[in-house]
Amino acid sequence: MNLIMVTIVFIGGIAVAIQAGVNGGLGKQVGVIEGAFLSFLIGTVTLFLMMIFFGNGNILQAAAVPRWQLLGGVLGAFYVFAMVLAVPKIGVAASLISLIAAQLITSSVIDHFGWLGMKQIPIDGKRILGFCFLIAALFLFTRR
């Protein structure tokens, strides 16, 4: 099961890299905010259709969840906006290494403290060394 999940996430990573380039080009053509909006709109329609045909949950339960759990859409919109803005200026690779560094550092802090109801996984020396390599990679990818 873990191999299947890792494979799905790996393919998702490929999709994010392609999405960054596609959205960056879209933003150059139609405008940054407009490009982000179009990306989200098409994604929303896609997810709506997936929910209709394949969903097995209950969307009406959204009224009962803690309000902070609904912030994912706002955070996702900011992510798409940031990528549409940054990719044409610094490129896909530099944008993604910045994204990955931020994701790994932030998610490690979330794990360390067990925030958002996650399992607590302490930050250790290996992770700190990994952060240093990430920052070095970010520097190397963005240096001209």
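## Ground rules

Buried here means under 20% relative accessible area, exposed means over 50%, and partly exposed is whatever falls in between, all with a 1.4 Å probe and protein chains only. This is a predicted model, where local features need pLDDT of at least 70, side-chain atom pairs count only at pLDDT 80 or more, and totals for chains, interfaces and linings use all residues. Residues are numbered from 1 along each chain as its sequence is written, and side-chain values use heavy atoms, with hydrogens and water left out.

## The overall picture

The chain has 5 helices and 0 strands, so helices and strands need a rule: they are DSSP runs (H or I, at least four residues, for helices; E, at least two, for strands), numbered from the N terminus. Read from that end, the elements go α-α-α-α-α. The C-alpha trace covers about 45 × 45 × 30 Å along its principal axes.

Of the 144 residues in the chain, 16% are buried. The chain exposes about 10,600 Å², with carbon and sulfur atoms supplying 75% of it; accessible areas come from the Shrake-Rupley method with a 1.4 Å probe, and for residues only the protein chains shown count as cover. As for contacts (heavy atoms within 4.5 Å), take those between residues at least 6 apart in sequence: 58% of them join residues at least 24 apart.

Helix H1 runs over residues 2–30, and its 29 residues should span 42 Å at 1.5 Å a residue; the end C-alpha atoms sit 40 Å apart, which agrees. The expected span is 1.5 Å times one less than the number of residues in the helix. Which residues of H1 are buried? They are Ala20, Asn23, Gly24 and Gly27, and their cover includes H2, H3 and H4.

Helix H2 takes in residues 32–54. Its 23 residues reach 32 Å from first C-alpha to last, close to the expected 33 Å. Gly35, Ala36 and Ser39 are its buried residues, and H1 and H3 are among the elements that cover them.

## H3 and its phenylalanines

Helix H3 spans residues 72–90. With 19 residues, H3 should stretch 27 Å, and its end C-alpha atoms are 26 Å apart, which agrees. Gly76, Val80, Met83, Val84 and Val87 are buried in H3, and the buried residues of this helix pack against H1, H2 and H4. Just past the helix, Gly91 has a positive phi of about 95°.

Now for the rings. Those of Phe, Tyr and Trp (its six-membered ring) pair if their centres lie within 6.5 Å; planes under 30 degrees apart count as stacked, over 60 as edge-to-face and the rest as tilted. That rule gives 2 aromatic pairs. One of them joins Phe78 and Phe81, a tilted pair at 6.3 Å centre to centre with 45° between the planes. Both residues sit in H3, 3 residues apart, or about one turn of the helix. Phe78 is exposed at 56% relative accessible area, while Phe81 is partly exposed at 27%.

Phe113 and Trp115 also pair up: their ring centres are 4.9 Å apart and the planes meet at 15°, so this pair is stacked. Phe113 is partly exposed at 48% relative accessibility, and Trp115 is partly exposed at 46%.

## Asp111 in H4

Asp111 belongs to helix H4, residues 92–113. Is Asp111 buried or exposed? Asp111 is buried, yet it has no salt bridge. That term means a side-chain nitrogen of Lys or Arg within 4 Å of a carboxyl oxygen of Asp or Glu. The nearest side chain of opposite charge is Arg127, 4.3 Å away; Lys and Arg count as positive and Asp and Glu as negative, with His and the chain ends not counted.

Leaving aside residues up to four places away in sequence, Asp111 touches Met118, Lys119, Gln120, Ile121 and Arg127.

## The H4–H5 loop and H5

Leu116 is in the loop between H4 and helix H5, which covers 125–142. Leu116 has a positive phi of about 60° although it is not a glycine.

Over in H5 you'll find Leu140, exposed at 61% relative accessibility.
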